[in-house]
Amino acid sequence: MRRGMQSLAAMVQQSFSRDPFAGDLWVFRGRSGALVKIIWHDGLGMSLYSKRLERGKFIWPAAKDGVVSLTSSQLACLLDGVDWRNPQYSWRPQSAG
């Protein structure tokens, strides 16, 4: 997924017919499932957040019409690499170094 904020915001507008500047979080997953990018507009500017898992994949819910709505708890689990359908850590690092 080599898309920046502008192309992701354009995708939100063109593909989903939604306003990317409305303050919603828009989460995109890479093809391999190990990368997510989140864009949002806070009223002052567009921000991009990116996270890649060292091991495993982000658990992605089934999409209806290409769009998935998540609660804040489900999003937190997703970003932690936790299967939000069965909350438990899928992998934890053994050491810091």
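Analyst: A quick word on names first: a helix is a DSSP run of H or I with at least four residues, a strand is a run of E with at least two, and both are numbered from the N terminus. By that count the protein has 2 helices and 3 strands, in the order α-β-β-β-α. The model is predicted, with local features needing pLDDT of at least 70 and side-chain atom pairs pLDDT 80 or more, while totals for chains, interfaces and linings use all residues. Residues are numbered from 1 along each chain as its sequence is written, and side-chain values use heavy atoms, leaving out hydrogens and water.

User: What makes Ser 17 exposed?

Analyst: Ser 17 lies in the loop between H1 and E1. Its relative accessible area is 62%, and exposed means over 50% (buried is under 20%, partly exposed in between, with a 1.4 Å probe and protein chains only). Ser 17 is therefore called exposed. Its phi is also positive, near 55 degrees, although it is not glycine. Most residues other than glycine have a negative phi.

User: How do you know that E2 and E3 pair?

Analyst: Two strands pair if DSSP finds at least two bridges between them. Strand E2 (residues 35-41) and strand E3 (residues 46-52) share 7 bridges, in the antiparallel sense, so the pair meets that definition. One of the bridges joins Leu 35 to Arg 52 in E3. The hairpin has 4 residues between its strands, and there Gly 43 has a positive phi near 100 degrees.

User: Why is the largest pocket lined by 26 residues?

Analyst: A lining residue has an atom within 4 Å of a pocket point, and a pocket is an open set of points on a 1 Å grid over the protein atoms alone, with protein on both sides within 12 Å along at least five of seven lines. The 26 residues are the ones that line the pocket, with Trp 26, Val 27, Phe 28, Arg 29 and Trp 60 nearest its centre. E1 gives the most, 4 residues.

User: What makes up that lining, by residue class?

Analyst: There are 15 nonpolar, 5 polar and 6 charged residues. Nonpolar covers Ala, Val, Leu, Ile, Met, Phe, Trp, Tyr, Cys and Pro, charged covers Asp, Glu, Lys and Arg, and polar takes the others, Gly among them.

User: How do you know which element has the highest confidence?

Analyst: By mean pLDDT, the predictor's confidence in each residue, from 0 to 100. E2 is highest at 93 and H1 lowest at 85. For the protein the mean is 83, with 91% of residues at 70 or more.

Note on methods:
On a 1 Å grid over the protein atoms alone, a cavity is a set of points where a 1.4 Å probe fits but cannot get out, and a pocket is an open set with protein on both sides within 12 Å along at least five of seven lines; lining residues have an atom within 4 Å of a point.
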